[in-house]
Amino acid sequence: MKLLHYTFLLFLFLFTSNNFAQSIIRTTLDPGQLPPTPSNWNKKNKLGFDISEIAFVNWSAGGTSSVSGLFKGEFTRTYTKDNHKWFNELIVKYGLNKQDGTELRKTDDAVQFNSTYGFRKDTISNWYYSAKFNFNTQFTNGYNYPNRDIAISKPFAPAYIFLGAGAENSNKEKNRTFYFSPITLKTTLVLDEYLANQGAFGVKKAIYVTDPNDPANQILVTSGEKVKAEFGILVTGYMKTEIYKNIFYENRVSLYTDYLNKFGNIDVDYDTRLDLVVNAYVKANIGVHLVYDDDIKTQKEVIDPITGSASQVNDGPRTQLRQVLGVGVVYAFQ
């Protein structure tokens with residue numbers, strides 16, 4: 001009787017042990033099936049294309065048919081770990097316009113890269129000790145239309161580089177960022193010989209002397225400088241908020257003044273935009289971009305009363321204003 005009892009207990013033990021082992025085997029994951037380790041990188045990509053068109057056929061009030069297109073791209077990479085934050089942003093824009101009776105003309109052209117590294121004392125504070133790098137240039141030549149013979153700007157002519165250190169307040173919940181740097185190096189590049197010799201965008205222009213054998217001819221003595229360095233204060237700000245359902249208001253501002261060259265004369269770059277979201281892919285936007293830089297001289301065309309030839313001359317700095325209204329498609333992906 002005892003032997004039967006022991007045999008039953010042994011059978012029960014082996015049966016439960018086998019089920020327990022099978023349970024462990026069934027619930028154990030292979031290394032390839034383990035959930036991925038959370039990444040410290042946050043990635044956002046956005047591509048968009050805006051188009052506007054107007055056409056007239058026997059329209060009694062008159063008008064000119066035209067079509068415009070604007071390509072936009074925004075790419076961000078943000079690394080966050082403990083008290084460290086590294087934000088990188090690339091913005092590209094390129095727009096064209098075609099009207100009846102005129103050639104294809106550029107309406108927008110920009111390449112902008114921003115990178116900011118910040119360190120904070122604890123994970124509660126919104127204040128960071130930060131270092132910022134900013135780069136701006138364009139894709140193709142720019143002209144003072146209708147003159148297409150002489151380019152007034154080119155790729156890397158100009159290009160602007162800002163490099164500095166300061167303090168940044170970043171509030172993720174309110175989607176706003178403020179940065180102040182009392183030590184910022186601004187470098188202006190004009191890597192085109194003709195524009196550099198003209199002293200475009202604030203670089204030191206070339207020195208010429210009159211040819212003694214031909215008073216109408218000028219001899220180049222010293223070429224224009226292609227690099228201009230400044231040291232001053234940079235303040236930037238960013239804010240984006242939903243003012244009404246599916247209506248977003250976005251602002252970017254950059255203010256810079258040089259310590260040595262006209263301190264208090266502020267370079268302003270302000271970009272504001274209103275986005276109206278129709279659905280996940282269709283959006284309308286209204287934007288205004290305002291720029292003032294004392295080193296950027298406007299160009300005007302002057303006609304020689306004797307020869308009748310046209311030439312471009314500097315007309316001093318002016319406030320630059322560009323207004324945009326567009327409807328287009330936007331594709332966002334990780």
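The side chain of Thr-272 makes a polar contact with the side chain of Tyr-249 at 3.3 Å (N or O atoms within 3.5 Å, one able to donate a hydrogen and the other to accept it; residues adjacent in sequence count only if both atoms are side-chain atoms). This is a predicted model, in which local features need pLDDT of at least 70 and side-chain atom pairs count only at pLDDT 80 or more, while totals for chains, interfaces and linings use all residues. Residues are numbered from 1 along each chain, and side-chain values use heavy atoms, without hydrogens and water.

**Thr-272**
- Thr-272 lies in strand 14, residues 267–277 (strands are DSSP E runs of at least two residues, helices H or I runs of at least four, numbered from the N terminus).
- Thr-272 is buried, at 13% relative accessible area (buried is under 20%, exposed over 50%, partly exposed in between; 1.4 Å probe, protein chains only).
- Beyond four places in sequence, its contacts (heavy atoms within 4.5 Å) include Glu-250, Ile-286 and Val-288.

**Aromatic rings**
- The whole structure has ten aromatic pairs (Phe, Tyr or six-membered Trp ring centres within 6.5 Å; planes under 30 degrees apart are stacked, over 60 edge-to-face, the rest tilted).
- Tyr-331 and Phe-333 are stacked, with centres 5.2 Å apart and planes at 25°.
- Tyr-331 is partly exposed at 45%, and Phe-333 is partly exposed at 29%.
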